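Subject: Handing over a structure

Dear colleague,

I am passing this structure on to you, and the sequence and model come directly below. After them I set out what was found, topic by topic.

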Amino acid sequence: GGDAEVAKKLASFYPSVNDVELSVGVQVERAMQGGWALGNTLGQAILFDAFNSIRQDRFYTTDYTPEIYTDWGYEHTKN
């Protein structure tokens with residue numbers, strides 16, 4: 001459920017919803033629940049990017065070994 005007035009205004013500029021530019025779309029999208037004041041598209045993009053950054057960070061995956069970190073650093077990351 002979007003805002004009918006916003007949809008009507010956008011329809012006067014764009015042939016279809018698929019033609020709306022990302023920058024315009026994220027500004028008119030309703031905010032997600034939870035107080036972040038971000039639309040669903042932008043909120044999910046940030047969330048997925050954060051998770052993927054951690055999952056693909058070599059210091060949390062292949063190089064997460066005592067040989068790469070200092071003794072203090074390795075113990076510190078385990079807590």
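**Salt bridges**

K78 forms a salt bridge with E75, and their closest N and O atoms are 3.4 Å apart; a salt bridge here is a side-chain nitrogen of Lys or Arg within 4 Å of a carboxyl oxygen of Asp or Glu. Because K78 and E75 are three residues apart in helix α4, they are separated by about one helical turn. Helices (H or I, at least four residues) and strands (E, at least two) are DSSP runs, numbered from the N terminus. K78 is partly exposed, with a relative accessible area of 47%, and E75 is also partly exposed, at 42% relative accessibility. For these words, buried means under 20% relative accessible area, exposed means over 50%, and partly exposed lies in between (1.4 Å probe, protein chains only).

Before going on, please keep in mind that this is a predicted model, in which local features need pLDDT of at least 70 and side-chain atom pairs count only at pLDDT 80 or more, while totals for chains, interfaces and linings use all residues. Residues are numbered from 1 along each chain as its sequence is written, and side-chain values use heavy atoms, with hydrogens and water left out.

A search of the whole structure finds two salt bridges. Besides the pair in α4, R58 forms a salt bridge with D63, where the closest N and O atoms are 2.3 Å apart. R58 counts as partly exposed at 44% relative accessibility, whereas D63 counts as buried at 18%.

**The largest pocket**

The largest pocket has a volume of about 290 Å³. On a 1 Å grid over the protein atoms alone, a pocket is an open set of points with protein on both sides within 12 Å along at least five of seven lines, where a 1.4 Å probe fits, and lining residues have an atom within 4 Å of a point. There are 14 lining residues, and V6, L10, V17, V28 and E29 lie nearest the centre of the pocket. The elements that give two or more residues to this lining are α1 (4–11) and α2 (22–28). By type, the lining residues divide into seven nonpolar, four polar and three charged.

**A nonpolar surface patch**

On the surface, L47, F48 and F51 form a nonpolar patch, with about 320 Å² of accessible area together. Patches are made of residues with over 30% relative accessible area and no salt bridge, with nonpolar side chains (Val, Leu, Ile, Met, Phe, Trp, Tyr) joined within 5 Å and like charges within 9 Å. F48 lies in helix α3 (residues 40–56) and is partly exposed, with a relative accessible area of 46%.

**Outside the helices**

In the loop between α2 and α3 lies A37, which counts as exposed at 66% relative accessibility. A37 and F51 are 14 residues apart along the chain, and their C-alpha atoms are separated by 20 Å.

F59 is found in the loop between α3 and α4 (71–78) and is partly exposed, with a relative accessible area of 33%. The C-alpha atoms of F59 and Y69, 10 residues apart along the chain, lie 8.9 Å from each other.

Finally, G2 sits in the segment before α1 and is exposed, with a relative accessible area of 63%. G2 and N18 are 16 residues apart in sequence and 15 Å apart in space, C-alpha to C-alpha.

With kind regards

Terms used:
Accessible areas come from the Shrake-Rupley method with a 1.4 Å probe; for residues, only the protein chains shown count as cover. Grid points are joined across faces, edges and corners, and a volume is the space filled by probe spheres set on the points. Ala, Val, Leu, Ile, Met, Phe, Trp, Tyr, Cys and Pro count as nonpolar, Asp, Glu, Lys and Arg as charged, and the others, Gly among them, as polar.
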